[in-house]
Amino acid sequence: MASSNLVTFIFIVIIIYFTLPHSTRSLSCSSRPLIFNFGDSNSDTGGLVGGLGYTIDPPYGRTFFRKSSGRLSDGRLIIDFLCQSMKTRFLTPYMESLGSTFSNGANFAVVGSSTLPKYLPFALNVQVQQFLHFKSRSYELLSAGSQKMISDNGFQHALYIIDIGQNDLADAFAKKYSYAQVIKRIPLVLAEIKNAIKTIHDNGGRNFWVHNTGPLGCLPQKLWLVQPSASELDPHGCISTYNSAANFFNEGLRQLCTQLRSELKDSTVIYVDIYSIKYDLIANASKYGFSSPLTACCGFGGPPYNYNINITCSHDGAQACNQGSQFVSWDGIHYTEAANSIVATKILSQQFSTPRVPFDFFCH
C-alpha cells in the first residue's frame with residue numbers, strides 16, 4: 001500500500017473508533033460471557049478442519065494468526081472481533097476435540113452449511129442437535145463432579161448467534177433456479193431458522209443475536225460464474241437479482257425476529273443488518289481505504305474479479321495480493337480481516353441492530 005493510502009486508512013480507522021459509543025470500544029461483563037454460534041463459513045473458526053480433517057492451506061490465516069487457523073480468511077472473522085470486544089477467547093469449534101474446555105461457549109458453524117436440506121452434515125438443524133448433545137453431556141459431567149462444565153444458569157444467560165442463509169440462496173442460484181423459484185424457497189429457509197431458535201429456547205436459551213445475509217451479488221465468485229451483462233448489474237457492479245433475493249430473505253428474517261419477540265416474551269431477539277454494513281463497504285469502498293471492492297485479493301485471473309473456480313486461493317497457480325487491507329474480498333467469497341474488522345465495529349456501534357442494545361447485554 002502506498003504511504004499516503006496507509007495514512008488515510010489508519011486515519012479512517014481512528015475516526016470510526018473514536019466516534020462510536022464508549023460501550024462499543026470497551027465491553028465488559030459482570031459474569032463470564034458464554035457464546036454459542038451457529039452458521040456457515042462466515043463464522044467457522046475451524047469446524048470444517050476439526051470435523052472432516054479438511055486442510056486449509058496458507059496463505060489463509062497469514063494476517064493475524066501467521067498460519068492457517070481453519071478460517072476462510074487471511075485473518076480474523078467477524079465472530080473473532082466480537083469475542084475480542086468481550087475480552088474473551090476465540091470460540092473453539094465444537095468438533096475440535098483437543099485443547100479446549102469450552103468454558104466460554106462453542107462454535108457449531110461449519111463451512112458450506114445451510115438450513116436445507118435438513119439432517120445432512122452440517123445443516124442448521126444438525127448444529128442445533130449437536131448443541132443439545134453438548135448441553136446434555138455438560139450436565140452429565142457436572143453431576144459426576146466436574147467443576148469446569150457450563151451450568152444450567154450459564155446456558156440460560158448465554159448468547160446464541162445465528163448467522164446462516166447465504167448458502168441456501170447461493171446453492172439455489174447455482175442449481176439454475178429462476179429468481180421466482182429462489183424466492184419461493186425462502187420461507188422454507190426462514191422456517192428452519194425459526195425452528196432452530198425455538199428449539200434452543202425450549203432448552204433454556206433466552207438471548208438471540210441474528211445476522212441477516214450480505215450482498216450475495218457483490219461476491220467476485222458469483223460475478224465470475226455468472227458473467228452478467230451490464231443490464232444485470234446495479235450501479236456498483238453487483239448482480240441485481242442476487243442482491244434482490246438477499247434483501248427478500250432479509251426482510252423475511254426481520255419480520256421473523258419481530259414475530260419471535262412477540263412469541264418469546266421472556267427472551268431477547270436482536271436482528272442485525274449485516275447487508276447494509278457490507279454493501280456500504282462496496283458502494284463507498286474508497287472511504288474505508290479499499291481500492292478494488294469486487295476483486296479478490298487471493299485468486300487467479302486478474303481484474304476485474306481475480307477469480308477462477310478451477311484455480312482458487314491456496315491452490316497451484318493462485319496468487320495473493322501484497323496488501324489485503326486494500327481489498328474487501330479475500331478469496332472471492334469470504335472477506336479480508338480488514339473488511340471483517342470494519343463490519344464488526346459497525347455491529348458493535350448498535351446502529352444496525354433492532355432493538356439497539358450493546359453486544360454485551362446478555363452478561364450483565
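Mentor: I will begin with helix α5 and then move on to other parts of the chain.

This is a predicted model, in which residues are numbered from 1 along each chain as its sequence is written, local features need pLDDT of at least 70 and side-chain atom pairs count only at pLDDT 80 or more. Totals for chains, interfaces and linings use all residues, while side-chain values use heavy atoms, with hydrogens and water left out.

Helix α5 covers residues 124-143 and holds both R137 and E140. Helices here are DSSP runs of H or I with at least four residues, strands are runs of E with at least two, and both are numbered from the N terminus. R137 and E140 stand 3 residues apart, about one turn of the helix. Their side chains form a salt bridge, with 2.7 Å from N to O. The term requires a side-chain nitrogen of Lys or Arg within 4 Å of a carboxyl oxygen of Asp or Glu. Under that rule the model has 8 salt bridges.

For accessibility, buried means under 20% relative accessible area, exposed means over 50%, and partly exposed is in between, with a 1.4 Å probe and protein chains only. R137 has a relative accessible area of 36%, so it is partly exposed. E140 is partly exposed too, because its relative accessible area is 43%.

In one of them, the ring centres of Y139 and F155 are 5.9 Å apart and the planes stand at 85 degrees, so the pair is edge-to-face. This pair joins distant parts of the chain, since Y139 is in helix α5 and F155 is in helix α6 (residues 152-157), 16 residues apart. Y139 is partly exposed because its relative accessible area is 26%, whereas F155 has a value of 1% and is therefore buried. Both rings belong to a cluster linked by ring pairs, which also includes F131, F134 and Y160.

In the loop between β2 (105-107) and α5 lies F122. A cis peptide bond joins P121 to F122, with omega about -5 degrees. Another cis bond runs from P58 to P59, with omega near 15 degrees, and P59 is in the loop between α3 (47-52) and α4 (78-85). Most peptide bonds are trans, and most residues other than glycine have a negative phi.

Now the salt bridges away from this helix. E251 and R254 are both in helix α10 (residues 240-263), again 3 residues apart and about one turn of the helix. Their closest N and O atoms are 2.6 Å apart. E251 counts as partly exposed because its relative accessibility is 33%, and R254 is partly exposed as well because its value is 34%.

Next is N306, in the loop between β6 (298-299) and β7 (319-320). N306 has a positive phi, near 50 degrees, although it is not a glycine. Its relative accessible area is 11%, so N306 is buried. A polar atom of its side chain lies 2.9 Å from the backbone oxygen of A296. Setting aside neighbours within four places in sequence, the contacts of N306 include T295, C297, F300 and Q319, where contact means heavy atoms within 4.5 Å.

Q350 likewise has a positive phi, about 75 degrees, without being a glycine. Q350 sits in the loop between α12 (337-348) and β8 (353-354), and it is buried because its relative accessible area is 14%.

V182 is buried, because its relative accessible area is 1%. Apart from neighbours within four places in sequence, V182 touches residues including L169, F173 and A245. V182 and Y242 are 60 residues apart in sequence, and their C-alpha atoms are 9.5 Å apart in space.

Key: A polar contact is a pair of N or O atoms within 3.5 Å; within protein, one must be able to donate a hydrogen and the other to accept it, and residues adjacent in sequence count only if both atoms are side-chain atoms. Rings of Phe, Tyr and Trp (its six-membered ring) pair if their centres lie within 6.5 Å; planes under 30 degrees apart count as stacked, over 60 as edge-to-face and the rest as tilted.
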